[in-house]
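Please look through the structure below with this short briefing at hand.

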Amino acid sequence: MTLLIRGASQVATPTGHRARRGADLGRLKLHSPAVVRCDGGRIAFVGDPAEHDRSFPEPDVVLDAAGGCVLPGFVDPHTHPAWAGSREDEFNRRLRGATYMDIARAGGGINATVRATRGATHDQLLATTLARLDTFLEHGTTTIEAKSGYGLDLETEFRLLEVIRDADRLHPVDLHPTCLAAHEVPPEHRDDPECYVRRLIDEIHPTIAASSLAEAVDVFCEQGVFDLSQTRRLLADAPRYGWRIHLHADELSPLGGAELAVELGALSADHLVHVSQAGILALAASDTVAVLLPGTSFFLRSSYAPARAMVEAGCAVAVATDCNPGSSPTQSMPTILALACLGMGLTIEEAVTAATLNAAAAIGRADEIGSLEVGKRADLVVLGAPTYHHLVYHYGVNQIRHVVKDGRVVVRDGRRTHEI
Ligand SMILES: [Zn+2]
């Protein structure tokens, strides 16, 4: 099937097949006026309407952009989309002054989500995950990285990864699964965390690797969770399992997670609120993408990662929602773009690249998605506004009018058109 997007005021996109950095991070290619032709799920043409009409036959379907701006579909390279339960009461207690420890002592925090998730069936988890994916899609996200991590035992981690696999098959949004069984030490191992580390290495990781349910692995490397040497042991078998590496690094303290991620050749080091100067330099000299999560800083009312310093140093910076029930329960990449600019000091152009091409690089897919160029997958959004600036300028309002995934219109006039 061929689809032609006509009537766009502009097409704005980063270009290339790898992460952009330094001054290149903020360089978008603008086509104006422009059409985008999709053929067989791939982009066949981007550019001048008259040139298109001279070179191509009539398309099967035309989508009228009605003067809107066309951008690549957002890639969200750090999400925890599969869980049960909800923690809005805890959030409200936190607003009234309760500390993380107060909440943990009252049975809240991640343990509350783990309890609810262990008690949920596959079908219950699948239904809530699919509903969340609808919201991702309505806000312009066409691909996500999807972590397990609310089971913390073999059976439930397995179930979560099966839910992520089934959601990927059923839903237009593409999910790239990551095993995050090393998200936290579960309550039953609190007195002997080392026992859980051994269980992860000897039982949970090998069993999940044998199932091919994950393409990457992640560890929460943090004081009081998994320290540097435990993280190193937890990731030692990743190459043998064919797993790429993501790392929750330097979120709460400068532990050296960024340096370790670089040393291990990780696809991404994520959070980085407390990254050291040495960590910034190590990232800048590597292909490891710095995935920044400004929604988490905003929601926890804590400090933001030093994005400006990282861009100036030459790090490949991406942004993500961190969608999860405790510290960032949002699926909205446009909100993350606004926070990347207003909270972390990125320019709008840098934020767009960080949410598309660099985000694709953070999951190892920059050759396939993240920009609007001939040969790439036809994943794009049409805004109800004439320029990409409005994404951030008109913050807090969903301006995604249409979404195209694999060359098919999956959101039209703000409404999903796919059925599950
Ligand atoms: Zn996370």
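In what follows, a contact means heavy atoms within 4.5 Å, and helices (H or I, at least four residues) and strands (E, at least two) are DSSP runs numbered from the N terminus. The model is predicted, so that local features need pLDDT of at least 70 and side-chain atom pairs count only at pLDDT 80 or more, while totals for chains, interfaces and linings use all residues. Residues are numbered from 1 along each chain as its sequence is written, and side-chain values use heavy atoms, with hydrogens and water left out.

**Helices α7 and α8**

- Glu194, Val197, Arg198, Leu200, Ile201 and His205 in α7 meet Gln230, Arg233 and Leu234 in α8, and these contact residues divide into 4 nonpolar, 2 polar and 3 charged (Ala, Val, Leu, Ile, Met, Phe, Trp, Tyr, Cys and Pro count as nonpolar, Asp, Glu, Lys and Arg as charged, and the others, Gly among them, as polar).
- The axes of α7 (residues 193-211) and α8 (residues 228-235) come within 10 Å and cross at roughly 10 degrees, where axes are lines fitted to C-alpha atoms, for helices over the stretch in contact, and angles run from 0 to 180 degrees between N-to-C directions.
- The two helices α7 and α8 are therefore roughly parallel to each other (angles under 35 degrees count as roughly parallel, over 145 as roughly antiparallel, 65 to 115 as roughly perpendicular and the rest as oblique).

**Helix α6 and its neighbours**

- The axes of α6 (residues 154-170) and α7 come within 10 Å and cross at roughly 30 degrees, which makes α6 roughly parallel to α7.
- On the α6 side this contact is made by Leu154, Glu157, Phe158 and Leu161, and on the α7 side by Glu203, Ile204, Thr207, Ile208 and Ser211; by class, there are 5 nonpolar, 2 polar and 2 charged residues.
- The axes of α5 (residues 122-138) and α6 come within 9 Å and cross at roughly 50 degrees, and α5 and α6 are therefore oblique to each other.
- Residues in the contact of α5 with α6 include Leu125, Leu126 and Leu130 of α5 and Leu160, Val163 and Ala167 of α6, and by class this contact has 8 nonpolar, 2 polar and 3 charged residues.

**The zinc site**

- The protein donors of the zinc ion are His78 (NE2), His80 (NE2), His248 (NE2) and Asp322 (OD), lying 2.0 to 2.6 Å from it (donors are N, O and S atoms within 2.8 Å of the metal, or 3.2 Å for Na, K and Ca; water is not among the atoms, so sites may look incomplete).
- His78 in strand β8 (residues 74-79) and Asp322 in the loop between β15 (317-319) and α14 (333-342) are 244 residues apart, and this pair links distant parts of the chain.
- Along the chain, the donors of the zinc ion follow the spacing H-x1-H-x167-H-x73-D.

**Backbone details**

- A cis peptide bond, with omega about -10 degrees, joins Ser32 and Pro33, and Pro33 has its place in the loop between β3 (29-31) and β4 (34-39).
- Asp406, a residue other than glycine, has a positive phi near 50 degrees and lies in the loop between β17 (400-405) and β18 (408-412).
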